[in-house]
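Dear colleague,

I am passing on to you the structure that we discussed for your modelling work. Please find the sequence and coordinates directly below, followed by my notes.

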Amino acid sequence: MKRVAKFEKVSFEQFLAGWGDTLGISDPEEIRNIYDGIRLPKRATAGSAGYDFFTPADVTLGPGETIRIPTGIRVWMEPEWVLKCYPRSGLGFKFRLQLNNTVGIIDSDYYDSDNEGHIFSKITNDSNEGKTVSLRAGEGFMQGIFVEYGITLDDDVTEVRNGGFGSTTR
C-alpha cells in the first residue's frame, strides 16, 4: 500500500475564520472547544478505501435542508494524487445525504492556499421520504479516497493555486 498523504488540523485562527455562523454558534470559547475536539480522518478497517471525516459539532438536517461544514482539516499529499470526497455510503442510502458538488475534489496544491487548505463540505438532506438526519459531534459523515491521476503528454500548465472553490477558473 502506498503512503501518499497526511491529515492535519488547520490553525485555530483559520478554523475560526472559516466557521462563520455555522450552526448558529458564534461564541469564540465554544468554537475553541469544537476545534479542540476535531478528530483527524481515519479508516474504519484495514480494508477500507475511504478515510472518514467527522462532524465537528452536532448537525441536524430536515428534508431539503443544507449546511456548510468547516471540517478543520487540511491534507498534505504527494503530487499527482487527489483526494476525492463522497458522503458516507450508509448516510446516502438511508437518508439521501448528498454533497452539493456531488464529489469533492481536493488537489495536492490546495494544501498551500491562503486558507491553509481548509476542507469544507456542503451537504444536503435530499430525503424524499421525510427523514431527518441527525449527526452527533465526532460522527462520520463524509469519506475521502486518495486516487493517483495522470496528465496529457502536451500539458504545460505552470500556474500556482491560491484559494479554493473554483479559484483555478477565475
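The notes below go through the helices, the aromatic pairs, the core and some backbone angles.

Please bear in mind throughout that this is a predicted model.

Helix α1

Helix α1 covers residues 12-19. Its buried residues are Phe 12, Gln 14, Phe 15, Gly 18 and Trp 19. Viewed down the axis of α1, these buried residues fall within an arc of 160 degrees, so they line one face of the helix. Glu 13 and Ala 17, on the other side of α1, are exposed. The packing partners of the buried residues of α1 are α2, β4 (66-70) and β9. Just after the helix, Gly 20 adopts a positive phi of about 60 degrees.

Helix α2

Helix α2 comprises residues 28-36. Ile 31, Ile 34 and Tyr 35 are buried in it. Seen down the axis of α2, its buried residues fall within an arc of 100 degrees, and they therefore line one face of the helix. The exposed residues Glu 29 and Asn 33 are carried on the face turned away from that buried side. The buried residues of α2 pack against β1 (5-9) and against α1.

Aromatic pairs

A pair of aromatic rings is described by the distance of the centres and the angle of the planes. How many aromatic pairs does a search of the whole structure find? The search finds seven. In one of them, the rings of Phe 15 and Trp 19 have their centres 5.3 Å apart and their planes at 50 degrees, so this pair is tilted.

Elsewhere, Phe 7, Tyr 51, Phe 53 and Phe 146 are linked by ring pairs into a cluster.

Charges over rings, and Arg 74

Arg 32 has its charged end over the ring of Phe 12, at 4.0 Å from the ring centre. A further case involves Arg 74, which lies over the face of Tyr 111, 3.8 Å from the ring centre. The side chain of Arg 74 also reaches the backbone oxygen of Tyr 111, at 3.0 Å.

Is Arg 74 buried or exposed? At 14% relative accessibility, Arg 74 counts as buried, because the cut-off for buried is under 20%. Arg 74 is found in strand β5 (residues 73-77). Leaving aside neighbours within four places in sequence, Arg 74 is in contact with Lys 6, Phe 7, Glu 8, Lys 9, Val 10, Tyr 111, Glu 116, Gly 117 and Ile 119.

The nonpolar core

The largest nonpolar core has 35 residues, of which Phe 53, Leu 83 and Ile 119 touch the most other members. Not counting residues up to four places away in sequence, the residues touched by Ile 119 include Phe 53, Ile 69, Val 75, Leu 83, Ile 106, Tyr 110 and Met 142. Arg 74 is also among the residues that Ile 119 touches.

Positive phi angles

Most residues other than glycine have a negative phi. Which residue in the loop between β7 (97-99) and β8 (104-107) should be noted here? Thr 102 lies in that loop, and its phi is near 65 degrees, a positive value in a residue other than glycine. Thr 102 counts as exposed, at 59% relative accessibility.

Glu 116 likewise has a positive phi, near 65 degrees. Glu 116 is found in the loop between β8 and β9 (120-125). With 22% relative accessibility, Glu 116 counts as partly exposed. Glu 116 is also one of the residues in contact with Arg 74.

Yours sincerely

How values were computed: Residues numbered from 1 in each chain as written. Predicted model: local features only at pLDDT ≥ 70, side-chain atom pairs only at ≥ 80, totals over all residues. Heavy atoms only, no water. Phe/Tyr/Trp six-rings, centres within 6.5 Å; stacked < 30°, edge-to-face > 60°. Helix = DSSP H or I, 4+ residues; strand = E, 2+ residues; numbered from the N terminus. Lys NZ or Arg CZ within 6 Å of the ring centre and 35° of its normal. Buried < 20%, exposed > 50% of the residue type's maximum accessible area, 1.4 Å probe, protein only. Arc of directions from axis to C-beta. Contact = heavy atoms within 4.5 Å. Core = buried A, V, L, I, M, F, W, Y, C linked by side-chain atoms within 4.5 Å. Polar contact = N/O pair within 3.5 Å; in protein donor to acceptor, adjacent residues only side chain to side chain.
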